[in-house]
Number of protein chains: 2
Amino acid sequence: MARHRVVVLGGGFGGLYCVQALRHADVDVTLVDKRNFHLFQPLLYQVATGSLSPGEIASPLRSVLSRQRNTRVLLGEAVDLDPARKALILTDGEVPYDTLIVAAGARDAWFGHDDWEQHAAPLKTIEEATRIRHRILFAFEAAEREHDPEARRHWLTFIVVGAGPTGVELAGALGEIANDTLKHDFRSIDPTQARILLVEGASRVLPSYPEDLSKKAEASLIRLGVRPYVGVKVVGIDESGVTVEHGDHQTERFPARTVIWTAGVRASEFGEILAKRADAKLEKGGRVAVSPDLSLPGHPEIFVIGDLAYYADAQGRPLPGVAQVAMQQGSYVSRAIRLRLRSAQKYPPFRYHDRGDLAVIGRAAAVARIGRLHLSGFLAWLIWLFVHLMYLVEFSNRLLVFVQWGFLYLTFNRGARLITGAEGREKP
Amino acid sequence: MARHRVVVLGGGFGGLYCVQALRHADVDVTLVDKRNFHLFQPLLYQVATGSLSPGEIASPLRSVLSRQRNTRVLLGEAVDLDPARKALILTDGEVPYDTLIVAAGARDAWFGHDDWEQHAAPLKTIEEATRIRHRILFAFEAAEREHDPEARRHWLTFIVVGAGPTGVELAGALGEIANDTLKHDFRSIDPTQARILLVEGASRVLPSYPEDLSKKAEASLIRLGVRPYVGVKVVGIDESGVTVEHGDHQTERFPARTVIWTAGVRASEFGEILAKRADAKLEKGGRVAVSPDLSLPGHPEIFVIGDLAYYADAQGRPLPGVAQVAMQQGSYVSRAIRLRLRSAQKYPPFRYHDRGDLAVIGRAAAVARIGRLHLSGFLAWLIWLFVHLMYLVEFSNRLLVFVQWGFLYLTFNRGARLITGAEGREKP
């Protein structure tokens with residue numbers, strides 16, 4: 001009898017952890033991804049700010065899985081699904097499955113303002129991270145060349161929209177770049193004069209964190225020269241700046257040449273394919289509602305995990321779109337598959353074990369919630385460092401990143417400050 | 001009295017070494033470059049073959065020079081020269097000089113076959129290196145998906161045109177990728193079946209090296225599965241392969257989907273501007289003929305150094321376009337400027353001290369000529385490693401590269417095997 005075929009769509013945290021947990025299962029696994037690498041997304045902002053190189057936060061999927069003999073990697077883009085024939089349709093072929101795990105992730109959302117995309121840089125992919133790096137470094141270069149003081153001030157104004165973990169970490173890193181890294185690099189401008197604005201619609205930074213940690217994070221940001229603007233709504237973004245609306249409906253305009261967007265995500269468009277072909281119900285943000293065992297209602301052979309899945313906890317709140325959730329769901333589904341193959345009729349539903357939250361603001365400054373414990377400062381930063389290094393997939397990457405961070409910590413230097421790509425040779 | 005203004009065009013080996021040697025001189029230095037980083041070109045092939053990340057072989061010019069207080073860095077592109085007014089013209093402004101040092105380097109040459117450029121990938125810039133990396137990795141991915149044996153063989157055929165040091169090093173690294181790095185990564189193809197052809201017009205690989213070292217290099221290449229074709233002339237390159245002509249005028253066709261071009265360079269187009277504006281005489285490959293002190297005949301205030309300069313040694317042979325020559329010329333010119341400022345009427349002409357040649361073929365295999373000493377194998381490889389690490393400009397880069405190479409040596413792994421860029425999501 002042919003072996004049970006498991007097809008996993010997406011090599012992010014959910015998909016990859018699921019595949020790895022199937023290592024010793026008696027199944028044939030195919031991992032389909034349109035990129036040839038697993039990306040350690042939580043450190044993407046470090047590529048955007050020139051601390052790390054793309055190769056250091058990404059691992060080739062083939063290399064991670066090369067010794068896992070029951071698994072093949074397929075570079076391809078899924079564009080449709082045929083649940084009746086149990087086939088995943090790619091642009092150039094199809095892959096038959098017995099069990100399908102959809103871990104297609106999330107993408108940026110502009111909340112109905114798609115025109116903002118051309119002015120506010122998103123941060124979801126390696127390419128977007130290097131583009132942001134280019135924009136930040138180029139802004140300092142342009143300011144150095146500019147003679148008009150007002151135009152120069154606009155080049156030296158950076159606006160980060162969204163004060164979730166990514167926005168906070170990015171704004172903190174920008175503060176360090178301006179105040180430490182580039183301090184001696186220019187002759188006409190003073191990089192410490194750069195203005196870094198962090199705009200957030202909620203009433204505090206890190207709104208998903210406990211309030212005392214938000215306060216600590218805000219204080220750390222201010223020490224780094226970042227100005228948090230909370231409780232303000234972005235109502236306009238164009239090439240010359242950002243317009244916000246305060247709680248009292250007064251609007252304010254901030255001229256700026258560099259705007260970075262970390263404010264919203266929505267689920268992958270594969271959710272719509274699941275809705276069309278397999279009657280999936282889409283919830284807020286385009287996420288796919290799943291059964292207690294993470295399968296698609298009416299399709300026990302299809303699982304949806306990670307950022308794409310909408311799964312409510314006991315209190316009815318959807319789980320957040322973070323790596324932790326995706327990884328636990330990946331492991332759970334691999335267990336579910338193994339139990340089913342052993343003809344287990346019943347197995348317990350998925351339960352999320354919240355291990356806590358971590359965000360880093362700068363050199364030796366972070367905030368952490370571990371269960372009911374709240375930490376900040378150097379100790380939280382050490383925990384952050386340890387947790388992130390341990391999760392980096394490949395050993396060589398892990399050590400390299402460690403060496404790099406050691407240097408960054410000692411020297412304030414950022415080795416990967418390169419302006420590359422087609423834009424590197426053009427005026428903006 | 002205003003200080004003497006030295007303007008250096010180009011932050012490659014010649015320009016950067018000249019600027020650094022002027023550190024304590026009583027002059028104002030401006031370094032103009034269109035890129036914001038110094039590139040360690042001899043290791044570019046390692047980026048192309050996924051061993052190193054771009055950030056590891058490039059250092060931001062501002063960072064290298066940040067403590068040198070008499071020096072500013074200007075990101076800009078030089079498009080013209082006005083020797084009468086002593087001004088270098090940029091796309092967006094001009095820079096006045098008292099002494100100008102032109103170190104604008106070289107670019108690819110296609111010997112009148114500009115249509116080959118779209119099929120044979122050149123290797124001069126960071127962007128070209130990542131594009132080659134993409135093409136190599138994608139070829140293996142495409143072969144894995146391909147069912148037709150002949151089409152698959154074409155995907156698995158790689159042709160490197162030109163067996164100078166870059167071509168030899170690239171072909172050797174390709175051999176290692178196919179035989180070691182990717183060995184376990186695929187399920188349908190066997191990467192060790194890849195064919196790597198190294199095509200050279202001269203009668204041996206490394207034609208500028210002593211004959212015994214060429215033989216050694218050839219043997220090492222063959223051990224890595226590379227097939228050297230010497231004494232054959234490329235007469236055609238298109239999307240489906242390469243046509244060569246043998247010594248007996250018989251032609252042969254090699255179908256291949258990946259062709260890499262390392263066969264020719266010509267001097268920067270700034271040479272033509274020097275010819276038009278300052279009566280420079282252009283020699284073979286567009287290089288600018290210079291006086292014994294490296295100044296432009298008739299323009300003692302303009303120096304030309306590095307790959308752009310045509311300078312013949314005592315035997316009338318032009319110096320090669322290598323880093324060693326550029327660095328020595330940069331130091332020489334900085335001395336000449338300091339002597340002139342002290343009103344020295346005379347100073348000795350430039351003399352090149354040939355320290356030798358080094359090329360690496362693979363893991364623990366290299367050839368070296370040091371004066372009259374010829375070395376090969378592990379010892380030559382150790383010398384190569386040491387020399388290259390010592391020259392990498394920034395300390396943090398140096399250590400990181402060392403760690404990476406250590407891992408590569410121990411594990412055969414290549415961490416930076418990412419397919420990025422717009423092409424990453426498309427079929428070729």
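The points below take up selected features of chains A and B in a predicted model.

1. Domains of chain A. The domain assignment divides chain A into domain 1, made up of 4-34 + 76-108 + 266-341, and domain 2, made up of 114-263 + 363-425. Between the C-alpha centres of domain 1 and domain 2 of chain A the distance is 32 Å.

2. Strand 18 of chain A and its partners. Strand 18 (residues 258-261) of chain A runs parallel to strand 11 (residues 120-122) of chain A, to which three bridges join it. In this pairing A:A121 is found opposite A:I260. Strand 18 of chain A also runs parallel to strand 12 (residues 157-161) of chain A, here with four bridges. In this second pairing A:V161 is the residue opposite A:W261.

3. Side chains of strand 18. In a regular strand, side chains alternate between the two faces of the sheet. In strand 18 of chain A, A:T258 and A:I260 point one way, while A:V259 and A:W261 point the other way. Are these residues buried or exposed? All of them are buried.

4. Positive phi angles in chain A. Most residues other than glycine have a negative phi. A:K86, which is not a glycine, has a positive phi of about 50 degrees. A:K86 belongs to the loop between strand 6 (78-82) and strand 7 (87-90) of chain A. With 18 other C-beta atoms within 10 Å, A:K86 is partly exposed. A:D279, also a residue other than glycine, has a positive phi near 55 degrees. The loop between helix 8 (270-278) and strand 20 (288-289) of chain A holds A:D279. A:D279 is exposed, because 12 other C-beta atoms lie within 10 Å and a count of 12 or fewer is classed as exposed.

5. B:W116 in its loop. In chain B, B:W116 is located in the loop between strand 10 (106-108) and strand 11 (120-122). Why is B:W116 classed as buried? B:W116 has 20 other C-beta atoms within 10 Å, and the class begins at 20 or more. Leaving aside residues up to four places away in sequence, B:W116 touches B:W110 and B:I237. B:G105 is 11 residues from B:W116 in sequence, and their C-alpha atoms are 22 Å apart in space.

6. Helices 1 and 9 of chain B. Two packed helices are described by the angle between their axes and the distance between the axes. Helix 1 (residues 13-21) and helix 9 (residues 323-341) of chain B pack at about 30 degrees, and their axes are 7 Å apart. This angle makes helix 1 of chain B roughly parallel to helix 9 of chain B. The crossing of helix 1 of chain B past helix 9 of chain B is right-handed. Helix 1 of chain B contributes B:F13, B:G14, B:G15, B:Y17, B:C18 and B:A21 to the contact, and the residues they meet in helix 9 of chain B include B:A323, B:M327, B:G330 and B:S334.

7. A three-stranded sheet in chain B. Three strands of chain B, in the order 24-25-26, form an open sheet with antiparallel pairing. Strand 24 (357-362) and strand 26 (373-376) of chain B stand at the edges with a single partner strand each, so one side of each has no neighbour in the sheet. From one strand to the next, the twist averages 5 degrees. Strand 24 of chain B pairs with strand 25 (residues 365-370) of chain B in the antiparallel sense over five bridges. Within these strands, B:A359 is opposite B:V367 of strand 25.

Definitions and conventions:
Residues numbered from 1 in each chain as written. Chains lettered and ligands numbered in written order. Predicted model: local features only at pLDDT ≥ 70, side-chain atom pairs only at ≥ 80, totals over all residues. Pairing = 2+ DSSP bridges. Helix = DSSP H or I, 4+ residues; strand = E, 2+ residues; numbered from the N terminus. Axes fitted to C-alpha atoms, helices over the stretch in contact; angles between N-to-C directions. Domains from an automatic or database assignment. Contact = placed C-beta atoms within 7 Å. Parallel < 35°, antiparallel > 145°, perpendicular 65-115°, else oblique. Left-handed = near helix turned anticlockwise from the far one by under 90°.
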